[in-house]
Amino acid sequence: MESQLKVELPKDVTDAIATAVFDSFKTAQKASTNDWPLYLSKKQACKYLNISNKTLDEWIEKEDIPYKHIGKTYRFNRNDLDKFMATK
């Protein structure tokens, strides 16, 4: 039977690790999709998807990207964009 080696770290090291993990979660939470509005303009959609305006225009024309076109305004539901990108 293998013996298990248990290593105990000093309290200051475990505290530093806990702080780093907590800070990482806070940073990730700030960058979450909740910071984006539910309905995005074309410019916001491009930034959200990290694509160019030209690419978005091509997807509107040739792909089945979900959007609403009201007059001259385009609106993209963030949740629908996430689903669309999951298929790419």
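Tutor: Happy to. Keep in mind that this is a predicted model. Let's start with the salt bridges, of which the structure holds two.

Student: What makes D15 and K11 a salt bridge?

Tutor: The cut-off is a Lys or Arg side-chain nitrogen within 4 Å of an Asp or Glu carboxyl oxygen. Here the N to O distance is 3.0 Å, so the pair qualifies under that cut-off. Both residues lie in helix α1 (residues 11-30), four residues apart, about one turn of the helix.

Student: Does K42 do anything else, or rather, what does the charged end of K42 sit over?

Tutor: The ring of Y74, with the charged end 4.9 Å from the ring centre. The distance limit for that label is 6 Å. Y74 also belongs to one aromatic cluster with Y67 and F76.

Student: On to aromatics, then. What makes W36 and Y48 edge-to-face?

Tutor: The count comes to five aromatic pairs, and W36 with Y48 is one of them, at 5.2 Å centre to centre and 75 degrees between the planes. W36 lies in the loop between α1 and β1 (39-40) and Y48 in helix α2, so the pair ties together parts that are twelve residues apart in sequence. Y48 counts as buried at 16%, while W36 counts as partly exposed at 23%.

Student: Why is the pair of Y67 and F76 called tilted instead?

Tutor: Their planes are 45 degrees apart, with 6.1 Å centre to centre. Stacked needs under 30 degrees and edge-to-face over 60, so this pair is tilted. F76 is buried, at 0%, and Y67 is partly exposed, at 33%.

Student: What makes the phi of N50 worth a look?

Tutor: Phi of N50 is near 60 degrees, a positive value in a residue other than glycine. Most residues other than glycine have a negative phi. N50 is found in the loop between α2 and α3 and is exposed, at 71%.

Student: Last stop, α4. How do you know that its buried residues line one face?

Tutor: In helix α4 (residues 78-86), R78, L81 and F84 are buried. Seen down the axis, the buried residues fall within an arc of 115 degrees, so they line one face of the helix. K83 and A86 are exposed on the other side. The buried residues pack against β1, α2, α3 and β3 (73-77).

Student: And what makes N77 a cap for α4?

Tutor: A side-chain oxygen of N77 lies 2.8 Å from the backbone nitrogen of N79, at the N-terminal end of the helix.

Terms used:
Residues are numbered from 1 along each chain as its sequence is written. This is a predicted model: local features need pLDDT of at least 70, side-chain atom pairs count only at pLDDT 80 or more; totals for chains, interfaces and linings use all residues. Side-chain values use heavy atoms; hydrogens and water are left out. Helices (H or I, at least four residues) and strands (E, at least two) are DSSP runs, numbered from the N terminus. Rings of Phe, Tyr and Trp (its six-membered ring) pair if their centres lie within 6.5 Å; planes under 30 degrees apart count as stacked, over 60 as edge-to-face and the rest as tilted. Buried means under 20% relative accessible area, exposed over 50%, partly exposed in between (1.4 Å probe, protein chains only). A charge sits over a ring if NZ of Lys or CZ of Arg is within 6 Å of the ring centre and within 35 degrees of the ring normal. The arc is that of the directions from the helix axis to the C-beta atoms. Contact means heavy atoms within 4.5 Å. A polar contact is a pair of N or O atoms within 3.5 Å; within protein, one must be able to donate a hydrogen and the other to accept it, and residues adjacent in sequence count only if both atoms are side-chain atoms.
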